[in-house]
Amino acid sequence: METPPPEGLSERHIADGLADSWGLELAGLRYIPKGFGSYHWLGETPGGQRYFITVDDLDVKPWLGSDRDSTFERLQAAYDTALILREQAQLHFVVSPTPGRGGLLARRITPRYSLAVFPFVEGHAGDWGQPASQEDRDELLRRLAELHRSTPVVASRAPRRGVDLPGRASLEIALEEVGQPWTGGPCSEPARSLLGAHTE
């Protein structure tokens, strides 16, 4: 499924952020309509160096935080963890963000959106829903084992998260209001009906 570009964000925001925080002046910036909660562009410098540019929507990541500031803080922590795994644990299969000026891994370019820069990696992502080959499954298991063995490297730096259900407060409000009409849109009443039938 193709994702349209984010609302209220222009490529000028992105280009300015790249120039200010990463010193990148791009000859081209092409939108890649893939992703969910994040938006991506392929950026290329005049010298032909390519980058994978990611813009994260801080309003749609409830597993990271309950508001934009806490979401951005935890997103930065996740990016920092990836960098530690790559550089200190020597896990070269981890694709971490490219640090900008002062070691910056992400920056806010609007109150809602943040920007990060990654190296562009050639490859094939596979097809959703198609089983992986035995060779790919074996490689995945090896890499997961390497990742888990690297826990001591990041244990003191990576924030720990509880096992709370993201958005639980909203779910509890919905359960309290299941006996009255929902008017938020065309899916509101079907959603209320479905939730009402499964409140237990």
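A nonpolar core is a set of buried Ala, Val, Leu, Ile, Met, Phe, Trp, Tyr and Cys residues joined through side-chain atoms within 4.5 Å. Buried means under 20% relative accessible area, exposed over 50%, and partly exposed in between (1.4 Å probe, protein chains only).

Before starting, note that this is a predicted model, in which local features need pLDDT of at least 70, side-chain atom pairs count only at pLDDT 80 or more, and totals for chains, interfaces and linings use all residues. Residues are numbered from 1 along each chain as its sequence is written, and side-chain values use heavy atoms, with hydrogens and water left out.

**Exercise 1. Find the residues with the most contacts inside the largest nonpolar core, and the elements that supply this core.**

Step 1. The largest core holds 15 residues, and Ile-14, Leu-18, Ile-53, Val-55 and Leu-115 have the most contacts inside it.

Step 2. At least two of its residues come from each of helix H1 (11–22), strand E2 (38–44), E3 and E5. Helices (H or I, at least four residues) and strands (E, at least two) are DSSP runs, numbered from the N terminus.

Step 3. Now zoom in on Leu-18: beyond its neighbours within four places in sequence, Leu-18 is in contact (heavy atoms within 4.5 Å) with Gly-23, Leu-24, Leu-26, Ile-53, Leu-115 and Val-117.

Step 4. Another core, of 10 residues, lies apart from the largest one and includes Leu-58, Tyr-79, Leu-83 and Ala-106.

**Exercise 2. Work out which residues are linked with Asp-57 in a network of salt bridges.**

Step 1. Start with the rule: a salt bridge is a side-chain nitrogen of Lys or Arg within 4 Å of a carboxyl oxygen of Asp or Glu. By this rule there are 12 salt bridges.

Step 2. Asp-57 pairs with Arg-112, their closest N and O atoms being 2.8 Å apart. This pair links distant parts of the chain, 55 residues apart: Asp-57 is in strand E3 (residues 50–57), while Arg-112 is in the loop between strand E4 (107–108) and strand E5 (113–119).

Step 3. Compare the exposure of the two partners: Asp-57 is buried, at 2% relative accessible area, whereas Arg-112 is partly exposed, at 26%.

Step 4. Asp-59 and Arg-68 also form a salt bridge, at 2.7 Å from N to O. Asp-59 is partly exposed at 39%, and Arg-68 is partly exposed at 31%.

Step 5. Put together, the network links Asp-57, Asp-59, Arg-68 and Arg-112.

**Exercise 3. Decide whether the rings of Tyr-79 and Phe-118 are stacked or edge-to-face.**

Step 1. Rings of Phe, Tyr and Trp (its six-membered ring) pair if their centres lie within 6.5 Å; planes under 30 degrees apart count as stacked, over 60 as edge-to-face and the rest as tilted. The whole structure has three aromatic pairs.

Step 2. Tyr-79 and Phe-118 lie 5.5 Å apart centre to centre, with 75° between the planes, and the pair is edge-to-face.

Step 3. Tyr-79 belongs to helix H2 (residues 68–87) and Phe-118 to strand E5, 39 residues apart.

Step 4. Finally, check the burial: Tyr-79 is buried at 10%, and Phe-118 is buried at 11%.
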